[in-house]
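Subject: Handing over the structure

Dear colleague,

I am passing on to you the structure that we spoke about, together with some notes on what was found in it. Please open it first and keep it beside you while you read.

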Amino acid sequence: MTAVPEPALRPAASRGPGLERCHSARLYCEDGALVLRSRRRTARHPVGGDGIARAVFVDAPGEDRERVGPTLPGSWGELQLQDRDGALIGRFDLEDWLPESPVLPKRSVRGEQLLSRTGVSHLLKAARIPLHVVRDREDPMVASGGGGAVLGPGSVFPYWYWGVRAVAGGAWFAAFTAVLFSGTTAPWLILLLVAAAAVAPVARLLLRAWTRVRLRRYAPAVRERVGPAPAPGLGATVRFCRDTELRVQDRDLVLRDLGGQEYWFPLTGAHAVTSLVRVRDRAGSELGVELRGPAEQVRAVLPWDLWFGGETGADGWARLRRAAGLTVSERRLTGKAIWPKGPVLGLRMLPGSGTEARRRSHFPGTIAGVSSTAIMAIGSVFSVIQGLRITNEHPGTALTAVLLGAVGLALQGAPYAVHQLRSRLRLDRPVPERTTARKGAP
């Protein structure tokens, strides 16, 4: 994939089908325009003239969004790109372009620090776009209305998946309503109902296959892979040692957790990570390593016992220093200082239990959460019920309905069962001592 000029914004960490956003989505400045590149397209927004004349950072939280299940937190803050008359040209939420935002408490980073960490302040400076900061959504500089292009990294799930689910869901709901309230047993309507119900689990399996194929095509140039070398007694599992890694690439330092979620940090440009700081406690024992960016902002921490405390840890630390090419220093805590200070990426890389590990590593769900799975299961069960209901009048249609309903339930249950069995029997078991192999070793 063609390299983009720095500074370029990296999207928030993701996994599964959303991991492709980390590979391809960038927002950067080129030839007098802000360019948004996603996995689907490249869009250019000219700067100056009739194009973008100013940027307004609305440093205020957005409203939480209600849904079935846990409430979704609102925006950490929005950046608006306006023309010289104040009309909205484009906008985006800043946490969409902060790699570590999924694991940080809401608005734990804000203001100038948020602009710097995402790289937005450096990007606007490079594009020569004046920046204005307001802290009230009712400020006169804030453009009203919902217009303007959304300059986010794109959807986690591909659009074809949403389209298939929407069409099938609409057809199922219409057929379900007709069958339930009219009491009809028309064979064509029953077949429509069961076919629509079967589409959802089939689409989910196709999405898994699509994701695997797409991600296998991505082959970045990797200088070094460093896996964790946990000290004995920490409860490290096979899954943790197999899937967690630091990947040093030509332009990025990538931290991957055991669920496959990746956090991409630039190695070049104005908002690149700049140093590795080895931290010791007051007695001189290693606590961990801080990955720092401009103005000494701590972007992530690597607890020493997890990453470098085991038998191969010294080798991993040496390879990381050599491949990353960052400034390396040490500091020792003094007085009542604690480490690390405040919420930061990297502290909870090792799950506290097998249950948590299985939850974090399963294939990601949609925004609907468990309600989506429940609706699919209800649809398949209803198909079986309708098939049994018309056994005497339409035996052929009844058999088809029962079989499709059973297949739908099996397609939903099989991935879950496989994930649970593999996890319990192998992946979430403690790793044998002295077998934490070097990442990338032959």
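The notes below go from the whole protein to its surface, and then to single residues and pairs.

Please keep in mind that this is a predicted model, in which local features need pLDDT of at least 70 and side-chain atom pairs count only at pLDDT 80 or more, while totals for chains, interfaces and linings use all residues. Residues are numbered from 1 along each chain as its sequence is written, and side-chain values use heavy atoms, with hydrogens and water left out.

The whole protein

The protein has 11 helices and 16 strands, where helices (H or I, at least four residues) and strands (E, at least two) are DSSP runs numbered from the N terminus. Its C-alpha trace spans about 80 × 65 × 40 Å along the principal axes. Of the 442 residues, 49% are buried; here buried means under 20% relative accessible area, exposed means over 50%, and partly exposed lies in between, with a 1.4 Å probe and protein chains only. If we take the contacts (heavy atoms within 4.5 Å) with a separation of 6 or more, 66% of them are between residues 24 or more positions apart.

The surface and its patches

The accessible surface comes to about 21,100 Å², and 57% of it belongs to carbon and sulfur atoms; such areas come from the Shrake-Rupley method with a 1.4 Å probe, and for residues only the protein chains shown count as cover. The protein has 60 positive and 39 negative charges, whose mean positions are 6 Å apart. In this count Lys and Arg are positive and Asp and Glu negative, without His and the chain ends, and each charge is placed at NZ of Lys, CZ of Arg, CG of Asp or CD of Glu.

Patches are made of residues with over 30% relative accessible area and no salt bridge, like charges being joined within 9 Å and nonpolar side chains (Val, Leu, Ile, Met, Phe, Trp, Tyr) within 5 Å. Helix 5 gives the most, with 3 residues, whereas Arg422 is found in helix 11 and counts as partly exposed because its relative accessibility is 45%.

A nonpolar patch is formed by Trp160, Val164, Val202 and Leu206, which together have about 310 Å² of accessible area, and helix 4 (159-182) and helix 5 each give two or more residues to this patch. Val164 sits in helix 4 and is partly exposed, with a relative accessible area of 32%.

Which residues of helix 9 are buried? In this helix (residues 354-361) they are Glu356, Ala357, Arg358, Arg360 and Ser361, and what covers them includes helix 6 (238-243) and helix 11.

Two peptide bonds deserve a look. The bond joining Glu6 and Pro7 is cis, with omega about 0°, and Pro7 is found in the segment before helix 1 (19-24). The bond from Trp339 to Pro340 is also cis, with omega near -15°, and Pro340 is found in the loop between strand 16 (327-332) and helix 9.

Asp31 is not a glycine, yet it has a positive phi of about 50°; this residue is in the loop between strand 1 (26-30) and strand 2 (33-37) and is exposed, with a relative accessible area of 71%. Arg107, which is not a glycine either, has a positive phi of about 55°, but Arg107 is buried, at 9% relative accessible area.

Salt bridges

Side chains of opposite charge can pair when their charged atoms come close. A salt bridge is counted when a side-chain nitrogen of Lys or Arg is within 4 Å of a carboxyl oxygen of Asp or Glu, and by this rule there are 30 salt bridges.

Glu20 forms one with Arg39, with the closest N and O atoms 3.7 Å apart. Glu20 lies in helix 1 and Arg39 in the loop between strand 2 and strand 3 (42-46), so the pair ties together parts that are 19 residues apart in sequence. Glu20 counts as buried, at 11% relative accessibility.

The side chains of Arg242 and Asp243 also meet in a salt bridge (2.7 Å, N to O), in which Arg242 is partly exposed at 37% and Asp243 is buried at 15% relative accessible area. Salt bridges that share partners join Arg225, Glu245, Arg247, Arg256 and Glu262 into one network.

With best wishes
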